[in-house]
Amino acid sequence: MISLLLSIVALILGYFVYGRFVERVFGPDDRVTPAISKADGGDYVVLPSWKVFMIQFLNIAGTGPIFGAIMGAKFGPAAYLWIVFGCIFAGATHDYLSGMLSLRNGGVGLPELIGKYLGKFSRQLMLVFSIFLLIMVGSVFVYSPAEILQRLGGTSSMWIVIIFVYYVIATMLPIDKLIGKIYPFFAFSILFMAVGMLVMLLIKMPVVPELWDGLGNMALSHDNSELFPALFITIACGAISGFHATQSPLMARCMKSEHLGRPVFYGSMITEGFVALIWATVSSWFFYGSPTPGYELLGVETGYQTSAPSVVFQVCSSWLGVVGGILALIGVVAAPITSGDTAFRSARLIVADFLHLSQTAIRQRLMVSAPLFAMAILMLFWQIDNPNGFNVIWQYFGWANQTLSVFTLWMLTMWLSRKRGFYYIVTLIPAMFMTMVCTTFIFVSKQSLHLDYTLGCLLGAFLTLGLTLLFFVARRKVTKE
């Protein structure tokens with residue numbers, strides 16, 4: 001519990017100290033924002049500041065800081081360090097700078113930004129990559145809540161249809177008509193659940209593994225996953241997530257001032273880290289509590305193999321009663337659904353930006369969205385027909401999500417090297433680290449090449465060094481020009 005409290009204090013200090021430093025590096029000013037200069041009543045709409053924050057938080061969070069933290073905490077106390085340092089120096093910095101760069105460039109999507117600073121080929125590659133990632137998000141976040149909702153009645157197929165119809169409506173409507181009205185409530189529910197869990201942790205003060213107990217991989221007794229790079233892929237949304245850079249442009253089109261950037265982009269990521277820390281501690285008690293693990297106290301037979309949604313249901317229902325059960329349902333059902341519909345909305349806007357298509361009329365929005373929905377439906381059918389389909393897509397989503405953050409970090413590093421001199425170091429170090437994580441994962445994971453662990457780490461380090469050298473060559477060329 002002491003590790004949790006120290007980590008929360010570190011996140012707060014990170015927001016006020018390092019967050020302010022990153023803000024000064026970017027340099028927000030009083031120029032007119034796209035929400036005003038491009039106001040169209042659809043995607044470019046000025047929203048109240050508190051709504052912008054709550055929507056941004058829910059967009060980037062969903063169930064990520066809950067499920068990811070639960071699965072990541074199985075590795076042990078090292079999860080605390082990754083959430084804190086990853087959030088402050090990588091995730092929040094990544095979210096703030098990518099969001100502000102979108103804001104300053106008219107609210108454009110991530111592929112357009114990457115194309116501007118890394119070249120046309122990178123733009124086309126990111127268009128395909130980000131669209132595929134967003135369709136995977138939409139598909140995963142249709143299937144998983146439908147599987148849960150069928151327990152309340154009906155069939156999984158019925159709930160898939162209902163959720164998909166909602167996706168179509170939410171993607172078509174102006175952002176202030178549906179998203180602007182219900183998202184703040186769902187965001188509040190997730191925060192309320194997290195605070196409720198924190199209060200119960202402080203009341204119960206369970207004995208859980210602390211940082212000084214060792215940073216070794218506690219999960220090795222159950223599976224063969226190495227802490228590096230598996231931990232840094234598993235805990236994404238609570239530390240750094242490339243998906244966030246696809247969501248930030250949605251709010252960049254709704255902000256009335258650049259000075260809101262730190263609370264909206266940096267602050268929402270810090271808040272997400274706060275949620276992840278709480279659930280990492282809850283799951284540490286559930287899996288490793290002393291003298292008796294939480295799953296034994298709750299009578300859960302699956303023990304270490306208990307799924308993340310089941311951990312949420314079991315703990316919330318036990319600690320918070322009926323209210324906890326309702327909040328758990330919102331957390332594992334409403335949150336992924338809302339992440340899914342904004343994923344499709346982001347995909348629509350990215351394609352529209354690439355093709356220079358207006359999105360003022362619903363007919364124009366539908367013309368862009370229809371092929372995206374069709375691809376998602378095909379992916380859904382594959383998931384339903386394949387018994388392990390959901391797990392396969394989720395595994396590749398985790399890697400693709402972090403790989404997207406690698407591209408974003410290198411893009412930000414190039415921009416900083418052009419505009420802010422030596423301050424490119426702010427994103428260079430996270431870019432190198434995440435490149436090492438993602439490349440090593442390709443070489444050593446069971447889902448890909450599954451090479452010898454030492455060899456895989458060496459190859460990952462070699463590729464990371466190569467990309468870093470390419471950056472300095474490109475920077476030197478740009479500097480001369």
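How many cavities of 30 Å³ or more does the structure hold? The structure, a predicted model, holds one. About 60 Å³ of space lies in this largest cavity, while the second largest pocket has a volume of about 500 Å³. The points below cover both spaces, then backbone geometry and selected residues.

**The largest cavity**

- Rolling a probe the size of a water molecule over the atoms shows where empty space is left.
- The largest cavity is lined by Gly109, Leu110, Thr246, Pro249, Leu250, Arg253, Ser346, Leu349 and Ile350.
- Two elements give two or more residues each to this lining: helix H11 (243–252) and helix H14 (308–355).
- By class, five residues of the cavity lining are nonpolar, three are polar and one is charged.

**The second largest pocket**

- The volume of the second largest pocket is about 500 Å³, and 20 residues line this pocket.
- Val406, Phe407, Trp410, Leu467 and Leu470 are the lining residues closest to the centre of the pocket.
- Helices H7 (120–149), H16 (389–419), H17 (425–444) and H18 (453–480) each supply at least two residues of the pocket lining.
- H16 gives the largest share of that lining, with six residues.
- The pocket lining has 16 nonpolar residues, four polar residues and no charged ones.

- Leu118 belongs to helix H6 (residues 110–118).
- With a relative accessible area of 30%, Leu118 is partly exposed.
- Beyond four places in sequence, Leu118 touches Phe407, Trp410, Met411 and Met414. Phe407 and Trp410 are also among the residues closest to the centre of the second largest pocket.
- Leu118 and Thr454 are separated by 336 residues in sequence and by 32 Å in space, C-alpha to C-alpha.

**Backbone geometry**

- Most residues other than glycine have a negative phi, and most peptide bonds are trans.
- The peptide bond from Phe228 to Pro229 is cis, with omega near 10 degrees. Pro229 is placed in helix H10 (residues 227–234).
- Ser290 and Pro291 are also joined by a cis peptide bond, with omega about 5 degrees. Pro291 is in the loop between helix H12 (261–288) and helix H13 (294–297).
- His356 is not a glycine, yet has a positive phi of about 55 degrees. This histidine, His356, lies in the loop between H14 and helix H15 (362–385).
- Is His356 buried or exposed? His356 is exposed, because its relative accessible area is 67% and the cut-off for exposed is over 50%.
- His450, likewise not a glycine, has a positive phi of about 55 degrees. The loop between H17 and H18 holds His450.
- The relative accessible area of His450 is 49%, so His450 counts as partly exposed.

**Helix H8**

- Does the end-to-end distance of helix H8 (residues 156–172) agree or disagree with its residue count? At 1.5 Å a residue, the 17 residues of H8 should span 24 Å; the end C-alpha atoms are 25 Å apart, so the two agree.
- The buried residues of H8 are Ser156, Ile160, Ile163, Phe164, Tyr166, Tyr167, Ala170, Thr171 and Met172.
- An α-helix has 3.6 residues a turn, so residues three or four places apart point the same way. Ile160, Ile163 and Tyr167 are among the buried residues of H8.

- Ser3 lies in helix H1 (residues 2–26). Ser3 counts as buried because its relative accessibility is 0%, and the cut-off for buried is under 20%.
- The side chains of Ser3 and Glu210 make a polar contact at 2.5 Å.
- Not counting residues up to four places away in sequence, Ser3 touches Tyr80, Glu210, Leu211 and Trp212.
- Ser369 has its place in helix H15. At 1% relative accessibility, Ser369 counts as buried.
- From Ser369, the side chain reaches the backbone oxygen of Arg365 at 2.8 Å.
- Leaving aside neighbours within four places in sequence, Ser369 is in contact with Thr171, Met172 and Arg348. Thr171 and Met172 are buried residues of H8.

Terms used: Residues numbered from 1 in each chain as written. Predicted model: local features only at pLDDT ≥ 70, side-chain atom pairs only at ≥ 80, totals over all residues. Heavy atoms only, no water. 1 Å grid on protein atoms, 1.4 Å probe; cavity = no way out; pocket = protein on both sides within 12 Å on 5 of 7 lines; lining within 4 Å. Points joined across faces, edges and corners; volume = space filled by probe spheres on them. Helix = DSSP H or I, 4+ residues; strand = E, 2+ residues; numbered from the N terminus. Nonpolar A, V, L, I, M, F, W, Y, C, P; charged D, E, K, R; others polar. Buried < 20%, exposed > 50% of the residue type's maximum accessible area, 1.4 Å probe, protein only. Polar contact = N/O pair within 3.5 Å; in protein donor to acceptor, adjacent residues only side chain to side chain. Contact = heavy atoms within 4.5 Å. Expected span 1.5 Å × (residues − 1).
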